[in-house]
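Thanks for coming. Please have the sequence and the structure open.

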Amino acid sequence: MTGLNGSGMSMAILEAKDLRRDFSGVSALDGVNLSAASGEVVALLGPNGAGKTTFLRLARGLIEPSGGTVSIDGCAARVLAARGGRGVAAVGDAWEPAGWISADGLGDLQASAGPFSRRIYGRWCEQLNLSPYKAFRQFSKGQKRWILCGLALATSPRLLLMDEPADGLDPSARLLLYQALRAYANDHDAAVVVTTHICGDVEKVADRVAIIDRGHLIVDAELETLRHEVRQITRPSEAGPIVPGNGCALEILGHRREGAVDLWWLRTSNPEALSSLAGGGEIRPVALEDLYLAVTAFRSRLENAS
Amino acid sequence: MTTMVESPPPVSSNRVPKLARALEASVLTLCAIAFLATQLAYPGALDFSIAAQIVPDLIAICGIVLCAWLAWRGTSDGALVVGILAVWISTYWIGQAHQHDSKTVKTLVFSTAGDSVRGAEFFVNGVDLGPSPVRISKDDFERRVPRLDQPPPGFAEKVYIPFYNTQWWENCWEREYVHGFGWEFPDMGKGKLYYQAQYAGEMGAAPGSGSGGGEGQVSIGFRFPQRERRLQLLLSKARLADYHVSADWFRALETFDEDGWSALRKAAQGEPGMDDVLSEWAKRKYNLDTVHNSTDAWKALMRVCREADKEHVHLTPSVGGRAVEILAKQLDPDQLVREGGRVIAQTRGGVFVQWRLAGQMQFGTADITDKLSFLGMNQDGTDGSNQPTYTGTGGAYGMMLSPGGLVIAQSLVEMWKAGIGHQQIQSEIGPDLLAWHYDSTLTFPLVLAANIGGPEVDEFLLAQPWQRNVTFRDQGMTVFGANGSDEINRWLYLLTWLNDEAGQKFHREHAPEIREMAGKLLDGGMFMWDSNHLDFLLQDHDFAWGLWPQFRAAIKKRESDPWEVIRLEYTYLEKMNAPVSAFIDLWKEERPGPQEADQAFGVLRFETPTERARPIAAGLLNFFQRDPHAMDQIPEENRKYLMAALRKTVNPEEAFMADVNAYVPADPHWPLTREFWRHKYEAIWLGGPGGLSPVVEQLANAPEPALRLLSLSAIRGTPVASNRKSLQKLLSDPDATVQSEARTVDAELQALAAQPVDELTSAGHATVPP
Amino acid sequence: MYLRLDHHSGEPIYRQIVEAVKYKVASGELPPDVQLPSIRVMAGQLSINPRTVVKAYEELEHAGVVIMRHGQGVFVGSKHGVVPAGVRREKLADLARRLLAEGARLGADPEELMKIIEEEARHIPGAMEREPRRKVRI
Amino acid sequence: MRFFHPMLLSYLGRKTVWPTLLGAAGLAIFELFPSAPLSGREMLPAAIIVAHVAWVSWALARLDKGEMPFLYTRGFHWDVIWWHRVAVAALSALAAIAASSLVLWLGLRTAAQIGMGDSLYPLVARRESWAPMYWLVLYVLLLPVGLYAFVRAEHEAPLGGLWLAIAIGPTTWFAWNLLAGTAGWLPRALMVAGGCVVVALLWAGQRLHRNVEVAS
């Protein structure tokens, strides 16, 4: 078990600094700082068009940053990609091979490109009873994803970049996949970056959550920290807005009015101190999904307002 | 992981690297230049006339530069538009420039022509312009060369040329102006130009030939008698050595260039030993002694090919040509035919000459025209005058026949003549010629194929639409007559050439069609007889007879000069191998005057091999002697001359003796200088049967001292073994003059035998006794 | 060893592990000197980051529940009470405060909590016997 | 690093099946009909070759949606992908040349011409066997242009490569028609220049290809 040292001093494999990218003058990603350390599973959340996929393409080096840098083990992602991107595996949202190729053929192709374990790949496909000889186009959407994930895992990468990898999979397969990713990160000390909008899956395995909205990184925190620090307060509307301060660091992540009550999502380093703020309201821990929805909705309202 | 990409990519996402942009700019420029250059190579291929008034060259250059610059800036769209415009406009300019250039001569080129003398000093009005060919700018020429009203001092002297009918010639060539289109008129009246050439210390004689083409090219024929004499002495040295000559001797002969082998070929006509010398030369030059089998022969042939390509010229009578003659019999026909096929496939045309030397038709090709300049000058009317009977280029785009290609072609001809490989040549070469040239404007290869014949050629030709009426629009279907108006069906034309069994059968079965075609040609009247345009009709003699009346009618209608009529008629008769009676019958019908008779005999003298001419001459002679009125229209003087000419054709020795008897005075002790006699006698020999004739011995044994004296000049010129034997006898001649002349000749010959060969090179320093 | 994690409880995962182990040790499900799963196995079983497990084990060690023997693994501590009395008192008081606070949030009064504690204590062998007289004070 | 990957070659090769069929069948079928002997300079085969080259280049540059990022994230060095693209294009051209050569060498054209009553055949068939070699030269000149144009299209001023193709095409055709088979320095110089352009375009294509932005 390398790199743990019981201290959490893992190295950053993927590192994006002030990463920006425009498409024909429209900003898709604006000043994102994000890193993924070895052994870490990072969940990249965000609504459609938030810039998740752009981030992954930049990280994989398929496109050139308009500003800032993104590097893998200190090497610019673009440079690494042109060299073949050894050590980085990626499963894209719609990155698919030609329909005629069989699962087996895919293995051959991948094996030709670099290190590849047919054993791992074979077992992976067996888990869902996928025929190695069937043409790729005959598989269902989820099965295709499964195959491509297996292809990625069997190359023993240092960094796994996955864009909606569980799209189309049934819940049990989804669980299998995420557990496999977690186990892979653990066993190989690899960094995994997963984008999704099904929070429940990643919540169980991710270490860190990054939420991107309209190209901006709005949340980037350890999941453990979020669990500890984020609370939802429900209180009557007439109580007025919650004012940060009162001697405790407080960040308002989201707010929504439901009839006569206001829902507040707050982040604080000292959740115990919240009861004073609640003003008789109800204080609750927050599920990731609720947090995600609240945060993104809140931001969109804020931006619409301004 | 290798480090193929070292530098990180540029910051901006998809900028094109400078290198790629530079490349695009240069490729666009290259395209424009290639376009221009191609256009230059083939003027008129694109004919765009956009803006005649603008200065197009400036536009072309600016356009290309701008085009490249725009490409560099990344706006290739604009670059392309600008580039295309620039190229199109500039093509127009190039067309203009070509026309412009041809009208104003800026550079003059003076060269000596005729003999293969290279590097003679060229003088104009006494000013030495340097070795020929001289290239000089017009301005420079005007500055350096004054105009004269009289020849420069010491230059208008007579030079003796032993091989000319009239032996004395001016040593300069007088002109009113420099040749060159657009140049002559301003020069008129300013004074004259006197051209002279000097070679190896000898001032050349200008026997009256020269040419001035367009574009400031002046080519003057000069002869250098001393040099010619050295060549003759060199040959005599070989005779003295009974043709066993050394390597030095060959080296000396090589300095005479084309004149060397030319002289050997001419001498070999009556002197088999000289032929052996030529063979020996070829063997030495191409290592033919090592040839024992077809493989060696092939290698040797490739040596000849390479040499020809390296020298940019191949001429069939040359040493290389002799090597080919020797090798052709030893080559593997299959291999040669394969190579021939390759040459045919690559050849789309050619620059070639055809001339008569030593009684044979000779061919030559060169990829530098300079190499053929020795031909075509110094016409002196004798055989071997290197007067080309055909010079031509032709064919579509593609390779011109290379000198090496001609070597292969000559090998094939020699092989065919030797009776080897007919089957292969018929099944491969004939079809190849047809396949590659069936629609060519150059019909020469097709005629060759028809001459070769064979089943494949027969089958092909007979399958073509030879019955069809053609117009000049039917490209690939016609053969042009002389002027492009006499289009005839090329397949019918070729079938008429076809002279194998199938061809003859065709001629019999389809005589009406052929006659109709011939009629069209004859009625059109524009055919060129001297270019052998009608020869195809004469292949079949029966058919030619059938056409004879039509031909006569056509020729009479066309030619207003009676002597031209009889000349053409005689040629026709000669070409279709008519019997003697036909010539006599024609004579009776035409009743020629003195000029016509001369023309008719001219045909017999120059265009007919002697063995054909002899019976015709004998028949005519016989006819004249029997019919006293046959020559009524001819004045007495001409009549005598004609009869003498006929007698000479029938029996040259007898005629010569008769001439000599009439010419040489009874008294040998005429108070005249020896010089005079020498010249006189030599001239006699030159007009007669030559120094190898049995007449020499006859004269050496003649009772009259003058005749014995005459034989000595033949012995001196041609010291072959039999003549040397006669000389031995004359050394103790009872007549003192003869004896002393014999001793002189003997001493001369001994001196010649002892003379080092390097004094007898082309530029050798030996001063030869006149 | 089976642990059940609640990702929505607002409790960090490592705390949940700590509590669960403590509970199992306290309830005797994990007797003294029993070896706990290695960090790697634990992380694999729970599909969590090994660092979380490390953090939990460190906390457990700090609390004196487990002992980490270098190179050998993690073992349940041999006996309780190695913690100094004052610290122990404070810890327990802290626990009680949190229980009460949570209870108040859920609307349970201290009496009800006491009842639940007693009921639960029956499941932990020896808990009642060892300290039968102690009452949780609020 | 391995430079040759048969799997990659066959994967890319599948993309060029249809254009190859167009080229091969187009040339082969074309060959059957003209009554004049083939010279290699006819318009129609040149048009077929241009279409074939354009299609092959396009098929290799614009893989189906999602294939591009898939292939470019397999771990192949992008230079390797580029040269495999070049190789696949070359093989496609060779297949077309092979098909057209077979039609000639097996005598199918001659048979067809005789069937159509062309009196020139079978004799002139002997001068045709090299026509496909002219086409091969045309492929060699045009394929790099096509490959370059499409990789160039991924960069700024995307029509740059197209204009280049438009400039090179007619120049090649013009020079080809007038100078092919002639002697002299110009055709030789143009051949050398053409060779240089081919090499330079392939090399520049490789450089541009490294910086290509992979669409998804």
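First a definition: domain bounds here come from an automatic or database domain assignment. On that basis chain C is divided into domain 1, residues 13-76, and domain 2, residues 85-130. The centres of these two domains of chain C, taken over C-alpha atoms, are separated by 22 Å.

Some housekeeping. This is a predicted model, where local features need pLDDT of at least 70, side-chain atom pairs count only at pLDDT 80 or more, and totals for chains, interfaces and linings use all residues. Residues are numbered from 1 along each chain as its sequence is written, and chains are lettered from A and ligands numbered from 1 in the order in which they are written.

Staying with chain C: its secondary structure comes to six helices and two strands. Helices (H or I, at least four residues) and strands (E, at least two) are DSSP runs, numbered from the N terminus. In order from that end, the elements of chain C are α-α-α-β-β-α-α-α. Of its 138 residues, 22% are buried, meaning that 20 or more other C-beta atoms, placed from the backbone, lie within 10 Å of the residue's own. Two residues are in contact if their C-beta atoms, again placed from the backbone, lie within 7 Å. For pairs in chain C at least 6 apart in sequence, 53% of contacts join residues at least 24 apart.

Chain B has 770 residues, of which 42% are buried. It holds 31 helices and 18 strands. Of the contacts in chain B with a separation of 6 or more, 69% are between residues 24 or more positions apart.

Last, the cores. A nonpolar core is a set of buried Ala, Val, Leu, Ile, Met, Phe, Trp, Tyr and Cys residues joined through C-beta atoms within 7 Å. The largest has 170 residues, and those with the most contacts inside it include V192(A), L181(A) and L164(D). Helix α7 of chain D, residues 131-152, gives the most to this core, with 14 residues. Leaving aside residues up to four places away in sequence, V192(A) touches V41(A), V42(A), L160(A), L181(A), Y184(A) and A185(A). A second, separate core has 118 residues, among them L231(B), F352(B), L446(B) and L522(B).

Key
Buried ≥ 20, exposed ≤ 12 C-beta atoms within 10 Å, placed from the backbone.
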